[in-house]
Amino acid sequence: MKLSEIKHKLNQLDNIAFQLPNGELVPTNFHVTEVGKITKNFIDCGGTVRKEEVANFQLWDANDYDHRLHPEKLVKIIELSEKVLEIGDLDIEVEYQGQTIQKFGLDFDGKNFLLTTKQTDCLAKDKCDIPEGKVNVKLSDLNSETSCTPGGNCC
């Protein structure tokens, strides 16, 4: 989800709810402690220089039960962040405290913002000779010449 999308959806809501991938809701007394831009400059395993930017929201489960973040307040925080930090219409990444800081993607189901799981991936599969899918090999199809034999000096 992009910043423009969340602002549009927030303007249509009375309350904000974030749902974890396991179906549990983030407690209603959460705070958005940060809205920022994260820039990641890196080289992938194939040697290609890359740059990624995301808008980052950090959710914090506060012990402050007397306050609840309302949609219009979050829109104001986002707009201030866009202006001051010069954040474009970036994809949103959400941080939330689990056993350690967890990073999620963001989606919306019409009622709740869904924290979606993120996965690591190799960005240079073509240079690393990683097959597209799992290769199944029958042991009986292996050539006996390439297998290890006692005294064959392969180990």
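Which pattern does the protein chain follow when read along the sequence? In this predicted model, the answer is α-β-β-β-α-β-β-β-α. That gives the protein chain 3 helices and 6 strands. Of its 155 residues, 31% are buried.

| Strands | Sense | Bridges |
|---|---|---|
| S2 (residues 30-43) and S3 (residues 49-61) | antiparallel | 13 bridges |
| S3 and S4 (residues 92-97) | parallel | 5 bridges |

If you follow the chain from S2 to S3, you trace a hairpin with 5 residues between the two strands. In its turn you can find Gly47, which has a positive phi of about 90°. Across the antiparallel pair, Lys40 stands opposite Glu52 in S3.

Now turn to the partner of S3 in the parallel pairing, strand S4. There, Val94 in S4 has Phe57 standing opposite. A handy rule to keep in mind while you look at strands is that, in a regular strand, the side chains alternate between the two faces of the sheet.

Finally, let's visit the surface. Which residues form a negative surface patch? They are Glu5, Asp89, Asp107 and Asp109. One of them, Asp107, belongs to strand S5, which covers residues 101-108. Why does Asp107 count as partly exposed? Its relative accessible area is 40%, and partly exposed residues are those between the buried cut-off of under 20% and the exposed cut-off of over 50%.

Technical notes:
Residues are numbered from 1 along each chain as its sequence is written. This is a predicted model: local features need pLDDT of at least 70, side-chain atom pairs count only at pLDDT 80 or more; totals for chains, interfaces and linings use all residues. Side-chain values use heavy atoms; hydrogens and water are left out. Patches are made of residues with over 30% relative accessible area and no salt bridge: like charges are joined within 9 Å, nonpolar side chains (Val, Leu, Ile, Met, Phe, Trp, Tyr) within 5 Å. Accessible areas come from the Shrake-Rupley method with a 1.4 Å probe; for residues, only the protein chains shown count as cover. A salt bridge is a side-chain nitrogen of Lys or Arg within 4 Å of a carboxyl oxygen of Asp or Glu. Lys and Arg count as positive and Asp and Glu as negative; His and the chain ends are not counted. The place of a charge is taken as NZ of Lys, CZ of Arg, CG of Asp or CD of Glu. Helices (H or I, at least four residues) and strands (E, at least two) are DSSP runs, numbered from the N terminus. Buried means under 20% relative accessible area, exposed over 50%, partly exposed in between (1.4 Å probe, protein chains only). Two strands pair if DSSP finds at least two bridges between them.
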